Amino acid sequence: MSALFIYCLLGFLLLPGIALDLINKELDQRVNVPARLDSLQFNPFSLELTLGNLEIGEAEDPLLGFQRLHANLQVSSLWRGALQLDSLVIERAQVAAVLRESGTLNLTQLMNAPHSEPKDSGEALFPVRIERLELVNSQLDFQDREPSTPVQTSFDKINLEVQQFSTVDAERAEMSLQASGPSGSQLQLEGSLAVAPLNSAGMLSVDDLPLAPFWPYVRDLLDLRLERGEFSGHFDYRLDLEDGTELVLDEASATLSSFAVTSAGDEPLARLAQLQFNDTSLDLAQRSVRVGNVRSRGLEAWFSRDANGQLNWQAVLPAQDDTAQAANTPTDPNAAWRIRLPDVQLRDYQLHLTDKQPQTPVNLQLSSLDVDMTGFDSGDNSAFDLQIDTRVAEEGRLSAQGQARLDPPSMEMQVSAENIDLELAQAYIDPLVRMEIREGTLDTTADVQIDSIEPFSLRVNGNAGIFALHVVDTVESRDLLKWERLQLNGIAYSNEGISVERAQLLKPYARLIINQDLSTNVGNLIIGQPADDREDNKKTLGVRIGAVDIQQGSINFADFSLQPNVALTVEELTGQIGTLDNQSATPAELSLAGQVDRYAPVRIEGSLTPFDPLNSLDVEASFKDIELTTLSPYARKFAGYRIRKGRLDLKLHYQIDDGVLEADNQVLLRDLQLGEQVESPSAVDVPVRLAVALLKDGQGNINITLPVQGDLSNPDFDIMPVIWQSFGNLLSRAATAPFRFIANLIGDEEDDLSQVIFTAGEADLDSQARQRLDNLARALKDRPALRLEVEGMSSPAADGPLVAQQRLERELSRRWQKVLEQGQTPASDAEPGIPAEKETELLEDIYRDRLKEPVPEQWAELEVQARTERIRQAVLETWANNDALLRRLAQERNASIKGYLVDSAGLAPSRVQLLDVGIEAVAENSVVPTTLHLGTDQSFDNAP
């Protein structure tokens, strides 16, 4: 009985007290920071040990500790040579781990451990077996100071349970771990653990883990700022550290959601709604990753190129050291990771593309971008399938599908594009040519094949269409080129050249201008480029077009080198041009038909070498019923007379062989009358009126042949003077016919039908003028031998101010529309009409352009309205007496009269002739008369 009492006294009281005192003294000696164990209890009968409230570290900032530790020692440990516990329970453990800048862990330096010889790595661990090991409601605070921005995070509510824990070789334990991470994230692990050798297998899951606490690791590699992002993952794992690190993941799935990053300057780079990896496996030893399927949606990314050509994402990536990169390049082909992606689906992506390298930045948005990829395997040379579909800008659509291969890099894709806005190309053509694409869309379907990257080999086969093209000459701000549709069929492109089976043009329009200095509008659009020595060594790209079909085309031609100016239009141009080939000397067949100035038919047949027209050309052209008044300026220069009226039929045959021209020009002049004689140093020195009188036949026609020969390579040879010096002798006299008997036809002798009265500044016919023309047309239908001539007139005094006001309003409207199109004023905010303050700004711009000087400074002292009116009047004065505007008004009056007589009154076009217009009309009571003339073939023959 005494022995039992002594055993109880020693076990329950003396030994725990002595052990607690020894432990605290040992902690004082061994631990570098304050440390204390508050209590120790021991049951000598059940061999249960309980430690209470261990704290290592400052009281306000503990590093390590627990609230309670309970161990139950098995008695068999005394004779089995191993530590065996029925259970080991640690409650409310707390660990504060800090990884310092030096790479050392603070916990490893808490103890002043005695010096000992290093143990042999092969030496077996002391045998320990714990039937049940528990860590209850514990917490881990972790801080890593190695990154430039320290990483700091905490895991609490840590509950760990290990069954059959053992340090004995080949013995495994079953474990279960649950923990709460930052922002309510959850960590769970189920699996087995072996300590000798160290390996583990099981299942690990992470739910809703925020990326922000761990982002500094990424920031030190990529200069990205994280706005938000969460990660969830679930996978089976196998980890073995016996021989290196072997890690295998199976049945893994991961989700990245609500992800957004910006640049260092807080510019958005990427936002992602969700990215999922499912059915994923990873083998670290085999350097292999397989992702069964990838699903992603809602990515929005920004890509931009600055003026120096650098991409915004290049600033994010670390700088590459070529030497280091070469040194680290694996020589073992097995060292590369093998990545397999059997099924990838990306949905509802959006890319914002900005190119700041052009002078005018280009902004392009790809929206509703969907990408599908199947069968990708970086370790297999087989092709994988790729499909892309996206919206381009607002209305465009682009899709591609096909196959690609990594080694060698190659691709075969079927590409289709719909409604691609050609205005996107404007910024790239600005440095080359002075023109603006106002409108135009591209449709195409093509097979695209890339056979190699080095050297780059590209082949394209397909069709393309360009619709509603509208190109403006930015020098003159006038239309340059338009068409309704250009269809290119059978396109074939390779490194050797490009060919098109057939090109079809519907309603093309082109404007060709000869300026006063004999330059052309097309030539003035080209912007000179620096010489490139490499150009001489470049091979000319082959270009071949099998055929060109033209339907309902038109050409606007004007010659400002003559005074007055020449202007004519070829309309309804339809036909075909044969094969065009810059690698062949074979001529292309040519067949075109159209109309000049709406009523005169023209036909062109023959052949030519378009890329070298001076080498070979054989073309016949015929023109009928051309209004000679259109060519009056040429007659003034080369014949010395103004053409008053007449019609022209031409049959031209031009042949060029090796630069030598042989031409036959068959000319038929009908109803020709000459106007007044004018001074011209280029005029032929012959009695023109006498020559015309002698050449007229009994019907009053002149029919002659004008042969032309010359060497086109001779800079002194000019074909126009040769033709026009002969042509000027064929102009007939001017004459008029009385209108008195016309009044008798309609029973209204008081109505003067020789004039059409226009309201000053207007070209539209009023009811009185239409009634007069109706009466005149009714009379002319009864007299088929009569022909009517219309001499449009304008008055500087009456029309000039109004025409100037109209011209100013058009210019203001044009410039205001340009402001709206350039986005300087949002169209949605713009009120009807031009705001007063904007109109003043536009007037100031027009003043500077017209008067070539700034607005006078003294006008700034005027009130705003008075100053604006002063500017307006100054601009109007520059247009008030503008001959070109007055002539245009007179021409419009001409066109109104003929259009009404032909289209409404039913006269044949051949019976209404337009005379050259005048600007000398005398106006009365704000109305301006336009004179009409009558005549017959016989009366013209007898004219003086």
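## S296 in strand β14

S296 is part of strand β14, residues 288-305; strands here are DSSP runs of E with at least two residues, helices are runs of H or I with at least four, and both are numbered from the N terminus. The model is predicted, so local features need pLDDT of at least 70 and side-chain atom pairs count only at pLDDT 80 or more, while totals for chains, interfaces and linings use all residues. Residues are numbered from 1 along each chain as its sequence is written, and side-chain values use heavy atoms, without hydrogens and water.

With a relative accessible area of 4%, S296 is buried (under 20%, with a 1.4 Å probe and protein chains only; over 50% is exposed, and in between is partly exposed). Beyond its neighbours within four places in sequence, S296 is in contact with residues including L272, Q274, Q345 and Y349 (contact means heavy atoms within 4.5 Å).

## Helices α12 and α15

Helix α12 (residues 799-821) packs against helix α15 (residues 883-904) at an angle of about 95°, and their axes are 10 Å apart. The two helices are therefore roughly perpendicular (65 to 115 degrees). On α12 the contact is made by D799, G800, V803, R807 and R810, and on α15 by L885, L886, R888, L889 and R893.

## Helix α14

Helix α14 covers residues 864-880. Among its buried residues are R867, I871, L876 and W879. The buried residues of α14 pack against α12, α13 (836-851) and α15.

Technical notes: Axes fitted to C-alpha atoms, helices over the stretch in contact; angles between N-to-C directions. Parallel < 35°, antiparallel > 145°, perpendicular 65-115°, else oblique. Expected span 1.5 Å × (residues − 1).
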